[in-house]
Every structure is written in C-alpha cells, then in structure tokens.
Amino acid sequence: KVMPAAAVEPAAIVSALTDTADRLTDRLSVSKDGLGTAKGQVAGLTGAPLVELKKKMFEWETDVDNLPTSISLLRRALSQAQIAASHGIGWRDLVSQEVVVTEEHMVGQFSGHTGDKSPAVARLEAEHGVCVEVAARPVGLKLLINGSRSSIDSCCAEIDRLRASYWEEIEGLHLRTVQFLEQRGELSRAAATNGVKVTTEGAFVYIEGPPDSVKKCSTLIRFMCSGFHEVAVNPRCVGGLIGKGGANVRDLETSTNTYIEVDRQGFVRIYGDEESVEAAVEEVTAHVASLSEDLFGSCVEEVKVHKSVLADMWPEQERDFRGDLSMMGKKFNVTVEWPVSASSASVRGQREDACRQAADELASIANFYFPDKCMKVSFPRQEARSFLLESVDVKSSGLILYELGEGCFVSGPLDQMSTFRELVEERMTLWHKHNQQLILDAKWEVEAIGERLALLKVAVPGAKVEVDVAEYAVRIAGPEDVVEKLKDEIGKLLQDPGAWDAGVQDAAAAQPQAGAKFAATLKKKKAW
C-alpha cells in the first residue's frame, strides 16, 4: 500500500517511505490530542452527538495502539532503503546478517567512541559496500551487516580472516640486539617455526598471525632478547677468540645457547636470555685471560679506575688518552687492558717490576684525564671565548684545553684548575659588563632599531650593535659606560621614534665630521 507502482529506483523508495512515515507520525499526534480532548467532553453529551464522539474516540484509540508499531516498521524499512540507495543496490536485494564477535583483539578493533565508528568498521564498509551497525553484548559485540548478499559474504570472509589474524608489538628491546638477530636470520626462523609474519622497525618488532602463534613467537623473541652484554678485550686477542673460520665462537654459542658477535676493535657482544648471557660472559672472560697470558705474559697488576671513564670522555680527550697509554705500553713493554664499564684496568707483561712501574704511571695518567678531575666552561657567545682565552696561558699552567661548541673542557692539576676557575669567573664578569643583550616584546621594536643602526652609531659612537629579528634580541658590546648610554638611547627611541629621529639629525647636523657621513646615510634611506 505504501509503495507506488512505479517506484523501482532506490531514491524513489526512500522518498515514498519518508513521506508515509511523516504522515503517520502526524496522524498519531492528532489522534493523541483528539483523544485527550474527547475524554473531557463525554460527560456533557447525550444522544447522537455522544455516539458520534465515541465512534471518533474508537478510531483515535486504534491509532494510538497501532500506529507506533507501524511507524517503527516504516522507519526500519526507510533505514534499509537508505542503505540500499547509498550503495547502489536494489531494495529487494538488501539483506542483513548478524555476526557476533567475542575475540579480545577483535572487540578492541571494532569498538569506537560513542557515536563514532571505529576505523576497522569504516574500512569494512568502504571496501565491501556494506553498512555495519555495532551493538554491545554482555560478552563481546554484535555486528549487524546490511548490504547485498555478495557484499555481505565478502565482508564476513574478511571478518573471519581478522579472527585468525592478530598482531603484537614488542618494544623496549636493545636496537643492536634486534639488528643482530635479524642479520643472523633468527627472527625469520622464529616466524617460520610459529607460522607468523615478523617485521622490524628500529628497535620495535611486529608479529602478525593467529593469536596463539603470535603469543608463542612473542615469548620466544622476548626470551632471546632479554639479555645483552658487551665485553672489551685486547684487539690482539680477537683472532684467538674467534678461532679458525669462527670455530671458537660457534662452540661458545652452542655451549651457552647465545649469539656472539666479535669485531676487530676488541668488542665482544653477547645476545640471548639473561642467564645464558651471564654464563657466556664468564666463558669469554676465562678464554681471553688464557689468551692474554700466552700473548703478553703472566704478570698482572690491577689499577682501580673510575667506572665508565671512557664512556664519559669527549672524543678529543679519549684520543689523547689512548695515545698516552700506547706510549706507556711501549716504554715498559707491557699491555694495558682498559675496560669500558668495569671499575679496574690491568697491566700485563713478562716482568713483575715493569708491571708495577707501569701500573703506577697508569694511575697517574688516569688521575689526569678523569672527567671528575676536569672543569667545563660554557661561553654565551663566540666573542666571549676569544675575550677569555686571550689572557690565559693554558700550556704553561700544565692544563689541557679542549674547545667544543660554545664552551671548552679544561683538565689538569687540581690547584691549577682552581686558579683557572677564579680567572674564568673574573674575566666572564668583565665580559658581561661590556656585552649585554636586550630581549624586546614586539617585532616592530626590533625592526625599528634595525632600521636606525646608522643613527645609533652617530648618537653613541664606539658601541657595537647587532639586531636579531628572529630572536627579538638586540646585542650591545663596548665599554661599560658606552653600553649604558646606548641602552638609554634605545629606550628613548622606542618611546617616540619620530622625536628621536629628529633629535639625532639635529645633533648630527651640529657636528661637521659626523654630518657628512650622516648625509650619505640619509641619501640611501629616504624613510628618515
């Protein structure tokens, strides 16, 4: 009865259903109002008017009882017709299917914010031409999928694929460990064993596949990456540690169930679970000790050092430090084994007396170079470095100076560094008096000063002014009295630029020497 005979297009169906639903809604409202009014009139009527009113009341009551259901059915039909129209399919071809989702990873993907569809639901609708309504259940979600039979089938197939597919991200791993395991093919083997896909991005590992398989693979990879240790050995021991064709390293890997990487600079990196790595470190240390005894002798002297001293050194200092160690080794015919993260270094050689002497000299060298025995000095600007260092004779004081960026490091005897610190403070105080920086609030203020640099030099001779528009800064350098005078002039300028211009021009005109230079400036800049 609702559908016109010629209504075959989805848009026409939507229009017909909308009009009918609206008409019935209006009729229901009229029936409710009429019924409410009639109940108050019944008591005052008799005869034919009463019969006619009761007849009307019966019609209104029937509407009130039945129309809400009819309107609800129409609205539901309208919703389906709109879905059919939006996806370009016939209304009679539109079907619906419910899918219940209880898997934890699926519920997380399909749950959106209130009133919004999740990206996973939006992707299903766009790729398969369906409309998906999501409703919560006591356990999981209910998906009501509307569309053609073929589109619903393809959407359900995609949901089944997502059920079987699950991904997990492993974070917090050591970047070098991930890279090494990937180079060795261990991640690929773990993926093949568990039937999953494993990809990496930096220190992150992503696993995709069936949920149970993903969890097993994740546990295995976390276990492989749970331990890491780096051991520094004498580079001359590297060949013996690796063995012919890498045989020794392979034996160590097999016996300790770890992965070992050795480079020619003397760094041994051990990967694996924490317990296995500890066992491997003990075996590597014992093997290296045996090699060292054969190569360098059995006499060993230990020297306590600051932990991670090499890691704390800046590059220039470490270069000089290693050079001094090399010269000392040649002098006493010993080998120095300097750790990266231990608390002691060792001197190894054939003669006990030579080892003791070398150990004493090593301690002396270490005391000179240690970062906790040096002082860092920072400079606000490049000019301050020259101002400070032009009055400091570093070499004659027994100090070593390393200039880096906007500062420098100074190391040497403690008494000399104390004297140097006092000198630095005195010179820096003097430099700050002669060099000041004004930070302004508005860009126009900086630009106004920048446009008048020539005038400022006329107004206050002997001062250096630099304008930085990006930083809203004006930097002033010169004798203290000149700097203060220039700051006063800038204050006047910003209060009334026009009056300040006129005042400076008048002052310049009264000075013949400055006037000629100023006239040339005015020629170039008509703004004055």
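## Burial and overall make-up

Of the 528 residues in the chain, 40% are buried, where buried means under 20% relative accessible area, exposed over 50%, and partly exposed in between (1.4 Å probe, protein chains only). This is a predicted model, so local features need pLDDT of at least 70 and side-chain atom pairs count only at pLDDT 80 or more, while totals for chains, interfaces and linings use all residues. Residues are numbered from 1 along each chain as its sequence is written, and side-chain values use heavy atoms, with hydrogens and water left out.

The chain has 21 helices and 18 strands; helices (H or I, at least four residues) and strands (E, at least two) are DSSP runs, numbered from the N terminus. Take the contacts between residues at least 6 apart in sequence: 65% of them join residues at least 24 apart, with contact meaning heavy atoms within 4.5 Å.

(The expected span is 1.5 Å times one less than the number of residues.) Its buried residues are Ser 213, Val 214, Cys 217, Ser 218, Ile 221 and Met 224. Viewed down the axis of α8, they fall within an arc of 135°, so they line one face of the helix; the arc is taken over the directions from the helix axis to the C-beta atoms. On the face turned away from that buried side you'll find the exposed residues Asp 212, Lys 216 and Thr 219.

Helix α19 (residues 480-495) can be read the same way. With 16 residues, α19 reaches 23 Å from first C-alpha to last, close to the expected 22 Å. Buried here are Val 482, Val 483, Leu 486, Glu 489, Ile 490, Leu 493 and Leu 494. They fall within an arc of 130° seen down the axis of α19, so these too line one face. Asp 481 and Gln 495 are exposed on the face turned away from the buried side.

## Strands: a hairpin and a sheet

Strands β5 (residues 197-201) and β6 (residues 204-209) run antiparallel and are joined by five bridges; two strands pair if DSSP finds at least two bridges between them. Glu 201 has Phe 204 in β6 as its bridge partner. Two residues lie between the strands of this hairpin, and Gly 202 takes a positive phi near 65°.

Further along, three strands form an open antiparallel sheet in the order β7-β9-β8. β7 (227-232) and β8 (259-262) are the edge strands, each pairing on one side only. β7 pairs with β9 (residues 267-272) over six bridges, and His 229 has Ile 270 in β9 as its bridge partner.

## Two buried residues up close

His 128 lies in helix α4 (residues 119-128) and counts as buried at 16% relative accessibility. Not counting residues up to four places away in sequence, His 128 touches Ser 151, Ser 154, Cys 155 and Glu 158.

Leu 252 belongs to helix α10 (residues 247-256) and, at 11% relative accessibility, is buried as well. Beyond four places in sequence, Leu 252 contacts Leu 241, Thr 258, Ile 260, Glu 283 and Val 284. Its C-alpha atom is 7.7 Å from that of Glu 283, 31 residues away along the chain.
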